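Good morning, and thank you for coming.

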Amino acid sequence: MGKGCMKATKYFLFLFNLIFFLFGAVIMGFGLWLLLDNQSFIAVLQDSSMALKVGSYILIGVGAFSMLLGFLGCLGAIYEIRCLLGLYFTCLLLILIAQVAAAALIYFQKDLVNGEMSKIVNQVLNNYPGKNSTTEQAWDFIQRTMECCGWTGRMDWSGNMVVVNSSQLLFPCSCQNTSLLTGNSSESGFCEAQTPDWPVFDAGCSASVESWLLTNVGVILGICLGVAVIELLGMILSICLCKNVHTEDYTKVPKY
């Protein structure tokens, strides 16, 4: 490889590693969002599913590792250090294999994931005490904004112990259809109905929530695809550069 091609490869590899570093920051940011968000459906799942919290920590770890790997790749490219370039190539290969395996696992277990999500939501509805906790606020927000009630319909609330044990005709206030009410009403907790026919929305939230999740999954898959392309380009450039760096010169490594 000529000096001109060598130089171009080196700076292209530096550029791709910089992009890879930024993608790592995006993945870590998404993991932090999953962990800290309390205004969407994610907050409902957090308190009931340890898997989501574990997944959040994994995303944060993967993002941080990707940022470190991008930094090492930049260092190896600029200073032409073969051991760093070889380590960079090996790590990228392992990450790519792990990504493909994780994607295949999620795809083939999607029915199991849907069933687990439905079970978690029903557990939230049955244990809803009307005390305005973070999980309750998130579910109330979902029902108000999506104009729905329960997971598949209003009957999902029939297993709630507050509703079952009350001598009054209680229903979740966030479900209420304001077009059927007169006067002021609460946006959380339980409200009293005048008749057994609750003045609530008939539709369940599952279709709207699944649509919301699919939208976000598309964003996630787009990010993962972008990362995979960057990884492949980085692997190709790093192995080309590594093969053409014939001698180790550690005097090139910056000293602090």
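Predicted model: local features only at pLDDT ≥ 70, side-chain atom pairs only at ≥ 80, totals over all residues.

As a reminder, a disulfide is a covalent bond between the sulfur atoms of two cysteines. The structure contains three disulfides. If the bonded cysteines are counted along the chain, the pairing reads 1-6, 2-4, 3-5.

Let us start with Cys148, which is joined to Cys205 with a sulfur-to-sulfur distance of 1.9 Å. This pair connects distant parts of the chain, 57 residues apart. Cys148 sits in the loop between α6, residues 134-146, and α7, residues 161-165. Cys205, for its part, belongs to the loop between β2, residues 190-192, and α8, residues 206-244. The link of Cys148 and Cys205 is right-handed, with 95 degrees about the S-S bond. As for solvent, Cys148 and Cys205 are both buried.

The next disulfide joins Cys149 to Cys175, and here the S to S distance is 2.3 Å. Cys149 is in the loop between α6 and α7, while Cys175 is in the loop between β1, residues 170-172, and β2, so this bond ties together parts 26 residues apart in sequence. Cys149 and Cys175 are both buried.

That leaves the disulfide of Cys173 and Cys191, whose sulfur atoms lie 1.9 Å apart. Because Cys173 is placed in the loop between β1 and β2 and Cys191 in strand β2 itself, the pair ties together parts that are 18 residues apart in sequence. What is the handedness of the disulfide of Cys173 and Cys191? The torsion about its S-S bond is about 120 degrees, so the disulfide is right-handed. Cys173 is buried, as is Cys191.

Two further cysteines deserve a word on accessibility. Is Cys74 buried or exposed? Its relative accessibility is 12%, and since buried means under 20%, Cys74 counts as buried. Cys83 has a relative accessible area of 40%. That value falls between the 20% and 50% limits, and Cys83 is therefore partly exposed.

I turn now to the salt bridges. How many salt bridges does the count come to? The count comes to two. In one of them, the side chain of Arg154 meets that of Asp197, at 3.2 Å from N to O. Asp197 is exposed, with a relative accessible area of 54%.

Arg154 also forms a salt bridge with Asp202, with an N to O distance of 2.5 Å. Asp202, too, is found in the loop between β2 and α8, and the pair of Arg154 and Asp202 links parts of the chain 48 residues apart. With a relative accessibility of 59%, Asp202 counts as exposed. Taken together, Arg154, Asp197 and Asp202 are linked in a network of salt bridges.

Terms used
Residues numbered from 1 in each chain as written. Heavy atoms only, no water. Disulfide = S-S within 2.5 Å. Helix = DSSP H or I, 4+ residues; strand = E, 2+ residues; numbered from the N terminus. Buried < 20%, exposed > 50% of the residue type's maximum accessible area, 1.4 Å probe, protein only. Salt bridge = Lys/Arg side-chain N within 4 Å of Asp/Glu carboxyl O.
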